[in-house]
Each structure stands twice: as C-alpha cells, then as structure tokens.
Amino acid sequence: MARGDPQHGSEAAPDRRPPTAPEGGEPASAASAGTRGGGAEPPSVEVVLPCLDEADALPWVLSRVPDGWGAIVVDNGSTDGSAGIAAQLGARVVTEERRGFGAACHAGLSAARAEFVCFCDCDGSLDPALLAPMVDALRSGSAELVLGRRLSTQARTWPLHARIGNAAVTRMLRRRTGVRLRDIGPMRTARREALLDLGLTDRRSGYPLQMVVRAADAGWGIREVDVPYGARTGRSKVTGTWRGTWTAVRDMRAVLRQPPPAPAFRAGEPR
Ligand SMILES: Nc1nc2c(ncn2[C@@H]2O[C@H](COP(=O)(O)OP(=O)(O)OP(=O)(O)O)[C@@H](O)[C@H]2O)c(=O)[nH]1
Ligand SMILES: [Mg+2]
C-alpha cells in the first residue's frame, strides 16, 4: 500500500518534474496503487518495469502508471532499497537474480497475468501514462506491437553516440526484416500470450530488438508512436557511456545475425 503522495511525499523521491505533461491516460493515485496486481482478478494491463538501483525514480514512475493497471517492478539486484520502495508504493515486486535488461524484462513478462503487457524503463526518462494510447491501439486492432519512438525533450538526454548506434540498428533491422522503424525503444506493449509465443531468448540488451525481429518474422503489425524522452533520474548505466552503448550494439548485432525461422512445414506440401 502506498504511503503518502508518491510524487511529492516520499523521502526517497527528490522533487522532480515529469518529462511530460499528463496526457493519454490518467496516472494512478496513491490509493489505487495499493490494489495493483494483488487481487485475485488480474488487471487487464500490467506494466513491467525493469529496475536496477532506481530508488529515486520509482515514486514518480509508479505514480504515472494509469489507474487500474498493474505495476510489476523487477528488481535486478538493486542495493539502494528499490524493491522495498516499490512494494511500499503498491507495485508487485519480482526478483530476478540474473543481471541483464532482458533477464529483468523477461522475468516480468513471465510473472504477468494481464491480457496486455507493457514495458517501460524505471529511470524516469519515459512516462508510463503514455502507454495508455499505445494499449488502445492494440485493443482497436490497428497493431500487434506498439513501440514508443523516443524524441528527446532536452539536449544531451540522448547522447550522439547512442543515437548513432540506434540508427545503425534500425538500418540493420530493415535489411533483415523489411520493417522500417526509427527507434528500438524500451517502451512498448503487446498481448502477453503472443509475446510469450515469440520464445525470446536474449537476456541482455538484445531483448527489445529480438522482440521486434521475431514479431516481424511472425508477421505482426508493428506501429511506432512518438514519446518524449527526458533526462533519467540517477546515474546513467548504458546510453550515457560509450562502453554501455557498444555492449548494447554488440548484443543487438548478435540478434540480427540469428537466421529467420524456417518456413513451417504444412501437410501436403513438398519439403
Ligand atoms: N543497464 C541495466 N539496466 C537494468 C538491468 N536490470 C534492470 N535494468 C533497468 O532497465 C532500465 C533501462 O536501463 P538504463 O540503465 O536506464 O539503460 P539506458 O536507458 O539505455 O541508459 P541510461 O539511462 O543512460 O543508463 C532501467 O530501468 C534499469 O534500472 C541491468 O542488468 N542492466
Ligand atoms: Mg535509461
């Protein structure tokens, strides 16, 4: 059960402004946060929030999860009390011992029970409230995977080397699958069972790309929606450093080297 106003009242929460004005869905109130994910009936939407030492960002991030949705914070070895803060604020906390962005995301997906699952970074750079119109696009059938295309709201939010790496990966994605995207962002949504059926195996930085590649190979409709990308709260771990970006690009190249699945054999067809 959340105590106090998650955006303004927690000791763990520095006074920080959200990267965007509220739009596209009502953010959760502290009262509703206590009902997230705990009841017998799963909510229709759950947000998986991979979390490695994001104590300062968590109060704002959780306050922005739309009302009535579940929040699953996947604690990936935090030492700053993130798990306790998330639980106190009403999130379901899942522990993933194995380090890696993909390991955390996949643990959240495996623990989810909702019809629709969203993913969002837990560092305050992206606003979970903006997932609401993305889920609406799934419900209306206009896409099967909806991705947030990041548009930085401040200079230096997204360093040049990270943009170059991202552009290179989207080009390679187009060559490999024919799908034209402008970003391989972490914010996204799809139906839970369909995601599980993709059989994702990457457990590091290649996870978001592998999801897109396998969805494309499976013929899913993939759509991008612009989302503001603000400065993260806390110290940068990946895109703020050359090393982190290089590791991410290497993981993604490994995903793109995986061959497309062999066409399924159908009875009566020559092999
Ligand atoms: N880097 C990293 N992030 C993890 C891990 N497990 C969970 N996360 C979370 O995954 C999300 C994305 O990681 P970030 O460190 O923000 O990666 P990024 O956005 O590419 O780069 P920066 O924001 O510049 O650090 C954050 O919410 C992290 O807390 C992990 O093993 N490594
Ligand atoms: Mg980040």
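## Around ligand 1

Ala, Val, Leu, Ile, Met, Phe, Trp, Tyr, Cys and Pro count as nonpolar, Asp, Glu, Lys and Arg as charged, and the others, Gly among them, as polar. With those classes in hand, we can look at the shell around ligand 1, which has 7 nonpolar, 6 polar and 6 charged residues. Please keep in mind that this is a predicted model.

Which residues are the closest to ligand 1? They are Asn76, Cys122, Ser236, Lys237 and Val238, and 19 residues surround the ligand. Strand S1 (45-51) and helix H4 each supply at least two residues of this shell.

## Strand S5 and its two partners

Let us move on to strand S5, which covers residues 145-152. S5 pairs with strand S6 (residues 188-191) in the antiparallel sense, over 3 bridges. With strand S7 (residues 222-229), S5 pairs in the parallel sense, over 8 bridges.

Is helix H8 largely enclosed or largely open? H8 (residues 207-217) is largely enclosed by the rest of the structure, because 10 of its 11 residues are buried. Among the buried residues are Tyr207, Pro208, Leu209 and Arg214.

What covers these buried residues includes helix H4 (101-111), S5, helix H6 (160-177), S7 and helix H9 (242-257). Just after H8 comes Gly219, with a positive phi of about 80 degrees.

## Helices H6 and H9 side by side

Two packed helices are described by the angle between their axes and the distance between the axes. For H6 and H9, the axes come within 10 Å and cross at roughly 5 degrees. Angles under 35 degrees count as roughly parallel, and H6 and H9 are therefore roughly parallel to each other.

On the H6 side, the contact is made by His161, Ala162, Gly165, Ala168, Val169, Met172, Leu173 and Arg176. On the H9 side, Trp242, Thr245, Ala248, Val249, Met252 and Leu256 take part. Sorted by class, this contact of H6 with H9 has 10 nonpolar, 3 polar and 1 charged residues.

## A look at Leu196

Finally, find Leu196 in helix H7 (residues 192-197). Why does Leu196 count as partly exposed? The reason is that Leu196 has 14 C-beta neighbours inside 10 Å, while a buried residue has 20 or more and an exposed one 12 or fewer.

Leu196 and Ser110 are 86 residues apart along the chain, and their C-alpha atoms are separated by 7.8 Å.

Definitions and conventions. Residues numbered from 1 in each chain as written. Chains lettered and ligands numbered in written order. Predicted model: local features only at pLDDT ≥ 70, side-chain atom pairs only at ≥ 80, totals over all residues. Pairing = 2+ DSSP bridges. Helix = DSSP H or I, 4+ residues; strand = E, 2+ residues; numbered from the N terminus. Contact = placed C-beta atoms within 7 Å. Axes fitted to C-alpha atoms, helices over the stretch in contact; angles between N-to-C directions. Parallel < 35°, antiparallel > 145°, perpendicular 65-115°, else oblique. Near = placed C-beta within 6 Å.
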